[in-house]
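Here is a guided look at one protein, written for someone meeting it for the first time. Take a moment with the sequence and the model, then read on.

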Amino acid sequence: GKKARTFDLEAMFEQTRRTAVERSRKVLEAREREKEDQAEKEFRNPCTDSSASASSATGAGSTLTQRYLDMVGDSVSDEDLTGPSMQSQTSAQGPAEDTDEDDDEFIGPPLPPGFKDSDDDNDNDDTEEEDNNPVKKIPDSHEITLQHGTKTVSALGLDPSGARLITGGYDYDVKFWDFAGMDASLQAFRSLQPCECHQIKSLHYSSTGDVILVVSGNSQAKVLDRDGFPVMECIKGDQYIVDMTNTKGHTAMLNSGCWHPKIKEEFLTCSNDGTVRTWDVNNEKKHKSVFKPRSVQGKRVIPTTCTYSRDGKLIAAGCQDGSIQIWDRNMSVHTKFHCRQAHAPGTDTSCLTFSYDGTVLASRGGDDTLKLWDIRQFKKPLNSAERLPSFFPMTDCCFSPDDKIVVTGTSVKKGGGSGKLFFFYRETFQKLYEIEVTDASVVRCLWHPKLNQIMVGTGNGLAKVYYDPVKSQRGAKLCVVKTKRKERQAETLTQDYIITPHALPMFREPRQRSTRKQLEKDRLDPMKSHKPEPPVAGPGRGGRVGTHGGTLSSYIVKNIALDKTDDSNPREAILRHAKEAEENPYWVAPAYAKTQPKTVFAEVEPEDDETDKPEWKKRKI
């Protein structure tokens with residue numbers, strides 16, 4: 001990375017003072033010469049009125065000059081400088097002298113009232129020079145590095161106000177960065193995996209900045225709110241239906257997606273199922289409309305990227321057959337514009353983006369090219385740049401806020417050099433500038449128009465922010481000036497030591513010698529360390545109800561398990577209480593005492609021997 005510039009303020013002030021002194025000297029010398037010329041003219045043409053007016057002007061001029069010299073400093077006031085007033089001198093100067101003064105650069109304290117100088121002209125000249133040299137508009141003097149992870153940062157999103165940045169990568173993570181809330185440690189305030197084990201392909205804030213579109217490697221796009229909580233998930237289509245128009249959603253992996261620039265509820269996705277679909281946030285059950293790119297033979301082709309035009313009236317898609325196809329948003333059947341051989345067939349067109357004026361389309365191809373197109377004359381590109389390697393299906397390109405520069409990144413193999421960010425002049429496609437970002441590929445790039453800062457996602461898990469303290473606004477400037485927060489020390493268990501010098505020895509607290517020793521001591525004290533009460537253990541009935549749980553059922557189950565009585569023979573268990581019931585009838589007998597009949601038992605005769613029985617009774621049946 002580049003080193004930060006250092007400034008010697010004392011040297012700058014000294015240089016400013018010297019410049020002011022030198023400038024004042026030149027101005028006053030010019031006045032002296034003019035005064036001499038004027039005196040010669042008056043000597044040749046003597047006139048009383050003119051001499052009176054000249055003397056009054058001289059007197060007024062000396063007063064103003066003295067005030068001016070007092071403001072410049074002691075070094076100027078020590079010199080014996082006199083002359084007419086600056087106002088009269090300026091008005092008397094010719095056009096040639098004005099031009100000479102315009103060439104000099106004036107740096108110094110405020111000028112006296114009524115003095116007109118060429119500072120405004122110089123400012124205009126600087127502005128014109130900056131317009132003529134677009135490189136000066138690139139905010140790259142400073143940079144910060146945000147550590148997303150170790151794998152490729154494949155998605156970047158910045159909300160319209162420029163307050164929050166989101167990064168997504170091949171590690172499935174989406175991280176949220178708040179510039180106003182971050183300090184110099186540059187830590188993300190939230191990290192989540194919204195699509196489980198699917199790589200993040202695209203992240204995009206809506207036009208109002210309140211929701212985020214997440215496009216990953218699965219077939220269902222998700223919408224999150226500003227804090228990362230899910231709002232809706234698109235439905236998955238039926239993969240057994242041949243005509244993709246009749247399915248309610250995508251049936252294959254998503255490739256890209258973006259929000260409508262004007263309608264905050266509508267977004268766009270494209271997929272490997274060969275369709276581009278528009279969706280409404282309020283209706284997750286079905287898409288709004290379907291656009292089906294077709295090859296020259298009318299066969300299905302896969303769109304690898306899609307975007308809206310700046311006014312939202314057109315939908316553009318870059319396809320795997322090398323074509324770029326554009327539809328009217330309200331007419332999904334036939335394309336409005338198309339270019340069949342925009343890029344090499346079989347390569348992934350990784351990015352399409354419209355210029356801010358809406359007339360030019362930039363396309364970043366998998367054939368290592370960057371091209372500009374006028375969609376009204378779509379057969380031939382306006383400009384083209386080659387030998388820009390791209391190994392990723394989401395390599396970006398974007399326009400500068402003033403629409404004069406086109407930016408893209410390049411990919412490198414491991415150990416093959418540094419990934420670079422290239423800046424091309426839109427009119428001539430001349431390479432204006434390049435930034436060596438890191439020793440890995442540059443995948444994503446984003447130039448925010450409000451912040452005037454450039455965000456870059458790289459192949460080694462970094463998200464870099466380039467900015468200029470003068471030209472840029474807010475964003476990274478907010479967090480670099482904040483010091484790192486100190487880590488909170490662990491709360492110790494030691495209590496505050498109260499010093500009581502006049503207390504009696506028996507009430508005096510022992511003096512603390514070491515915090516660490518006192519901490520270890522307090523750790524062993526169950527009261528000071530708030531040691532939790534251990535659960536009741538061991539056999540026995542006398543424990544608490546909540547030993548194995550706080551519910552009544554657990555208490556009953558525990559008591560049943562502890563009951564040692566044997567109820568294996570129910571007859572014996574009942575007859576055990578027979579004697580007590582007979583002697584002290586309490587439950588049943590008193591209730592039936594009045595109505596119960598007296599028991600009458602039949603007398604049973606003793607059975608005779610077998611010999612006395614008749615013959616037919618002896619027979620066994």
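## Salt bridges

A salt bridge here is a side-chain nitrogen of Lys or Arg within 4 Å of a carboxyl oxygen of Asp or Glu. By that rule, the count comes to 19 salt bridges. One of them joins Lys 464 and Glu 143, whose closest N and O atoms are 3.2 Å apart. Lys 464 sits in strand S28 and Glu 143 in strand S1, so this pair ties together parts that are 321 residues apart in sequence. Helices (H or I, at least four residues) and strands (E, at least two) are DSSP runs, numbered from the N terminus. Lys 464 counts as buried at 7% relative accessibility, while Glu 143 is partly exposed at 25%. For those words, buried means under 20% relative accessible area, exposed means over 50%, and partly exposed is in between (1.4 Å probe, protein chains only).

Asp 227 and Arg 190 make another salt bridge, with 3.9 Å between the closest N and O atoms. Asp 227 is in the loop between strand S8 (222–225) and strand S9 (230–233), and Arg 190 is in strand S5 (residues 190–192), so the pair links parts 37 residues apart in sequence. Asp 227 is partly exposed, with a relative accessible area of 32%, and Arg 190 is partly exposed too, at 29%. These two also belong to a network of salt bridges that links Arg 164, Asp 178, Arg 190 and Asp 227. Elsewhere, Lys 528 meets Asp 522 in a salt bridge of 3.5 Å, N to O. Lys 528 is partly exposed at 30% relative accessibility, whereas Asp 522 is buried at 3%.

## The model as a whole

This is a predicted model, where local features need pLDDT of at least 70 and side-chain atom pairs count only at pLDDT 80 or more, though totals for chains, interfaces and linings use all residues. Residues are numbered from 1 along each chain as its sequence is written, and side-chain values use heavy atoms, with hydrogens and water left out.

The protein has twelve helices and 28 strands. Of its 621 residues, 38% count as buried. Its accessible surface comes to about 38,500 Å², and 51% of that belongs to carbon and sulfur atoms; areas come from the Shrake-Rupley method with a 1.4 Å probe, and for residues only the protein chains shown count as cover. Contact means heavy atoms within 4.5 Å. Among the contacts with a separation of 6 or more, 49% are between residues 24 or more positions apart.

## Nonpolar cores

In soluble globular proteins, nonpolar side chains tend to be buried together. A nonpolar core is a set of buried Ala, Val, Leu, Ile, Met, Phe, Trp, Tyr and Cys residues joined through side-chain atoms within 4.5 Å. The largest one has 18 residues, and Ile 144, Leu 146, Leu 165 and Met 455 touch the most other members. Strand S1 (142–147), strand S2 (153–158), strand S28 (462–467) and helix H7 (476–480) each give two or more residues to this core. Apart from it lies another core of 14 residues, including Val 407, Phe 423, Ile 454 and Tyr 466.

What does Leu 165 touch, not counting residues up to four places away in sequence? Its partners include Leu 146, Leu 156, Trp 177 and Met 455.

## A buried threonine

Thr 275 is in the loop between strand S11 (266–271) and strand S12 (276–280). Is Thr 275 buried or exposed? It is buried, with a relative accessible area of 0%. Leaving aside neighbours within four places in sequence, Thr 275 is in contact with residues including Met 244, His 250, Cys 270, Phe 291 and Pro 303.

## Positive phi, and a surface patch

Asp 368 has a phi near 65°, a positive value in a residue other than glycine. Asp 368 lies in the loop between strand S19 (360–364) and strand S20 (370–374), and is partly exposed at 28% relative accessibility. Arg 474 also has a positive phi, near 45°. Arg 474 is in the loop between S28 and H7, and is exposed, with a relative accessible area of 53%.
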